[in-house]
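Trainee: I am new to this structure. Please take one part of it and go through that part closely.

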Amino acid sequence: MSYRLWLAATAGRVWGEATYASRMAVSRAVTALDDPPARKRRARKVLAVLGETYPDAHCELDFGSPLDLLVATVLSAQCTDQRVNKVTPALFARYPDAAAYAGASLAALESLVAPTGFFRQKAKTLQSLGQQLCDRYGGEVPDRLEDLVTLPGVGRKTANVVLGDAFGVPGITVDTHLGRLARRFGWSEHTDPEKVEADLMVLFPKKDWTLMSHRVIWHGRRRCHARRPACGACPVARWCPAFGEGPTDAVEASRLVKDAGRA
Ligand code: SF4
């Protein structure tokens, strides 16, 4: 048996009863052997286990149409999805299409989106988004990345959310959680979201990009927090080179696990 196979088997066998020190040793040793094919296998294993842990991982913004999702994603900048979801029912009812946003008064938009923060800028963005959609795309949200990123307030992250969740076109959404976890997992060393996205494109098949984004983001919101990740209650700890950044004691770590909501 090769050293790598032996190590993988040993890691699986001892993990459940291992001490903190031996868990750290296994975690470091497994990831130290990461040549590109091994990294890809490890990444896909992590994704599979996250799938078992969060079987209903999905976009946490409420929406009924591509336009709704585009608007909700613009509002989610510097704001929680939960707060956005409280604001959007009234917004979507009052502005059902791009023409409605284009003709909206800024004061009315500002008042509706105020709880999401940066409301003056967001109101302006929604109004000009509606105008651009009417002027250039017949009032419809385009379904191509290269078109979406030309719209006001829409970067690659927002475009990939809309593509993946409204149009079923695979997209990788590198938000703060996915970027942080990609670095913790050793999937990318970059902080530039576009470079992280490029690294993840190599590790996962295109068909999995949207689901991968949701699962990792859910894990980031529920367990792998920026400051105190719940390492001792983490289902993918044995494949994570950052194991130990947070409490490794199971009881202490379990107190850090959140059921839902955006961190
Ligand atoms: S919670 Fe800890 S072990 Fe789990 S992915 Fe985050 S850093 Fe790694």
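Mentor: The buried residues of helix H10 are Lys 157, Thr 158, Ala 159, Asn 160, Val 161, Val 162, Leu 163, Gly 164, Asp 165 and Ala 166. The model is a predicted one. H10 spans residues 156-166, and ten of its eleven residues are buried, which leaves the helix mostly covered. Those buried residues pack against helix H4 (66-75), helix H9 (145-148), H12 and H13.

Take Leu 163, which is found in helix H10. Leu 163 counts as buried because it has 25 C-beta neighbours inside 10 Å, and the cut-off for a buried residue is 20 or more. Leaving out residues up to four places away in sequence, Leu 163 touches Asp 143, Leu 145, Val 169 and Gly 171. Leu 70 is 93 residues from Leu 163 in sequence, yet the two C-alpha atoms are 9.7 Å apart in space. After the helix, H10 is followed by Gly 168, which has a positive phi, near 70°.

H11 covers residues 176-184, and its buried residues are His 177, Leu 178, Gly 179, Leu 181 and Ala 182. Helix H12 (193-203) and helix H13 (209-222) are among what covers them. H12 and H13 also belong to the set of helices that the buried residues of H10 pack against. Just after H11, Gly 186 takes a positive phi of about 75°.

Conventions. Residues numbered from 1 in each chain as written. Predicted model: local features only at pLDDT ≥ 70, side-chain atom pairs only at ≥ 80, totals over all residues. Buried ≥ 20, exposed ≤ 12 C-beta atoms within 10 Å, placed from the backbone. Helix = DSSP H or I, 4+ residues; strand = E, 2+ residues; numbered from the N terminus. Contact = placed C-beta atoms within 7 Å.
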